[in-house]
Structures are given as C-alpha cells and as structure tokens.
Amino acid sequence: MATANDASTTSPTLIGSVQRALRLLEAVAAHPRGAPAKQLARETGYPLPTTYHLLRTLTHEGYLQRENGVFLLGEAAELIGRSGARRRRYARIAQALSAMGEEVGAALYFAVYHAGEVEVVAVSDDPERPPVEEWADFRTTAHAHAIGQCLLAQLDEEGRKDHLSRHQVQSLTPHSVRTEGDLLHRLNTVRKSQLAVEREEYALGTVCAAIPIQVGSAAATVAISLPAGEAERLLPVTEKVQRMAESTLMTLAFSISI
C-alpha cells in the first residue's frame, strides 16, 4: 500500500495525446509561413499517421488552418496568444502603478471602457494603501465612481445612452448622484475639466479622482483613491500622478490591444 509520502512524490497523470497536440502546436508556431505535415512529423518525432490525425483534429477545432498544403496557427491559437500577451502588458502596468502609488502614497487604478463595460485592468499593490473594496460591481455603478465618470465622459452621446439604458443611475451613498440628469451634468463638467472627482459617492470614507488617457480610439483612465480624511491631498496627488503617467505609463498604455 502506498504511503502518504509516496503519494506526494508520485508523478502526476499526464495525457499523452494532449502532450503530443501541444508539441505539434509549438512546432507549427516555429514556422510563421507554415509547414507541411511531413516536416512537422520529422520535427516532433511522431509517426506520420499520428501527425495527420492530430493536425486534422487541431484544424477542425480552429487551432490550426491549412493553406496551400502547409499548416499555420489558427484563430483559436492566436486568441490564446493575444490573451497571454495582454495579461503580461497589464502586469507591467500594475507594476508601474505600484511604483507610482508608493511614491505619492495613494492607491492607483488603470481602467478602460471595453465592449460596453467599465473594466479595471490593473491596480497598485501596496498593503499600506489598499484599493477600494469593490462592494458594488464597478461595471454597473460607473455613475457613482470617478473611474466610471471619467470613462463615460469620454464616450459619444450614443455610447452614453447605451450604457445608461443598461445600467441605470441609483444612489449608493448619501453623496451619490441621484438622477440621470445630474450625472449628465457632472459628465459635462468632467469633459471640460478633463478631471473626475468624487467624494464618498461610491464608498463612504473614500475620495477618488480620475484623469482621461486616450489609448487609440478607446477610453481609458488612471484613477487615484485616498481615505476621506486625506481629501486635501487628492488634487495635488492627482496632478503629480498625471505628470508621472505621461512619462511612465503612456508607453505601456498605448501597447495594449483593447
């Protein structure tokens, strides 16, 4: 009978067919212009019938495509690659935010408006200055926080109408905007000043500001949050973050494929 120690050192059960398929994908990826089945079989060391079977399956599932007798990466494989690259870029932005946040003593956020929703893609990581707890979904409460107000202000009229038809204005705290008319007036002010400021509208005890960043044609923002007791620091910190963002964050932001 195997002991607990034996179980902990036992190799995991691996599925050979999955391993072979992955190795074949790697072999195809090494040839940007594609490679024929016989070449792929030689490079992977698989029997030709096995190679053909795997290639047909991967092509059927969209991970490969066959053109003029050679196999190329398909849309499904490219989607995985783009997703991984995007996560790496977001990780670099999070690192930049953390460095900036530590310098100014505030929690920082980077968010975009993507596919009709607010998406916070990176936050600073500082236990001394933790980000605001998302107690109400940021996507459905864009009207109540600086991030959402800054992003909504960057949309055209049709985009704002579409968003508000799906996510109606509702008060989250005694300080929140109460009607759609109040929100639209606020957004007009944000557009003119290029700055969104909210004081305890999303979360009691927290004040926030957000500045717009143009990432291609997409709306994006860098935001700052502080405890309400430090409200007098909000605008000076925001000005400093804006200067820092222009020099350290913009390059990373423009590298994102929204």
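Let me start with a side-chain pair: Glu 201 and Gln 149 are joined through their side chains by a polar contact of 3.3 Å. Before I go on, keep in mind that this is a predicted model.

So where does Glu 201 sit? Find the loop between β5, residues 196-199, and β6, residues 206-215, and Glu 201 is in there. If you leave out residues up to four places away in sequence, Glu 201 touches Ala 144, Gln 149, Leu 172, Thr 173, His 175, Ser 176, Val 177 and Arg 186.

Okay, over to Arg 186. You'll find Arg 186 in helix α8, which covers residues 180-193. At a relative accessible area of 21%, Arg 186 is partly exposed; the cut-off for buried is under 20%. And which residue does the side chain of Arg 186 meet in a polar contact of 3.0 Å? That's Gln 149, again side chain to side chain. Setting aside neighbours within four places in sequence, Arg 186 is in contact with Gln 149, Val 177, Val 197 and Glu 201.

Most residues other than glycine have a negative phi. Gln 194 is partly exposed, with a relative accessible area of 45%. Asn 68 is another one on my list: phi is about 55 degrees, positive, and again this is not a glycine. Asn 68 lies in the loop between β1, residues 64-67, and β2, residues 70-73. With a relative accessible area of 83%, Asn 68 is exposed.

Now a serine. Ser 225 is in strand β7, residues 218-227, and it's buried, at a relative accessible area of 6%. Its side chain has a polar contact of 2.7 Å with the side chain of Tyr 109. Beyond four places in sequence, the residues Ser 225 touches include Tyr 109, Val 132, Thr 206 and Cys 208.

Take α3, residues 37-44, and α4, residues 48-60: they pack at about 115 degrees, with axes 9 Å apart. That makes α3 and α4 roughly perpendicular to each other, and their crossing is right-handed. On the α3 side you have Ala 37, Lys 38, Leu 40, Ala 41 and Thr 44, meeting Leu 48, Thr 51, Tyr 52 and Leu 55 of α4. By class, that contact of α3 with α4 has six nonpolar residues, two polar and one charged.

Helix α2, residues 16-29, packs against α3 at about 115 degrees too, with the axes 10 Å apart. This crossing of α2 and α3 is right-handed. Here Arg 23, Leu 24, Ala 27 and Val 28 of α2 meet Leu 40, Glu 43 and Thr 44 of α3. The contact of α2 with α3 splits into four nonpolar, one polar and two charged residues.

And what is the angle between α2 and α4? About 80 degrees, with their axes 10 Å apart, so α2 and α4 are roughly perpendicular to each other. From α2 the contact uses Ser 17, Arg 20, Ala 21, Leu 24 and Leu 25, and from α4 it uses Thr 50, Thr 51, Leu 54, Leu 55 and Leu 58. That gives six nonpolar, three polar and one charged for α2 with α4.

Last, the whole chain. The protein chain has nine helices and seven strands, and 42% of its 258 residues count as buried. Among contacts with a separation of 6 or more, 60% are between residues 24 or more positions apart.

How values were computed. Residues numbered from 1 in each chain as written. Predicted model: local features only at pLDDT ≥ 70, side-chain atom pairs only at ≥ 80, totals over all residues. Heavy atoms only, no water. Axes fitted to C-alpha atoms, helices over the stretch in contact; angles between N-to-C directions. Helix = DSSP H or I, 4+ residues; strand = E, 2+ residues; numbered from the N terminus. Parallel < 35°, antiparallel > 145°, perpendicular 65-115°, else oblique. Left-handed = near helix turned anticlockwise from the far one by under 90°. Contact = heavy atoms within 4.5 Å. Nonpolar A, V, L, I, M, F, W, Y, C, P; charged D, E, K, R; others polar. Buried < 20%, exposed > 50% of the residue type's maximum accessible area, 1.4 Å probe, protein only. Polar contact = N/O pair within 3.5 Å; in protein donor to acceptor, adjacent residues only side chain to side chain.
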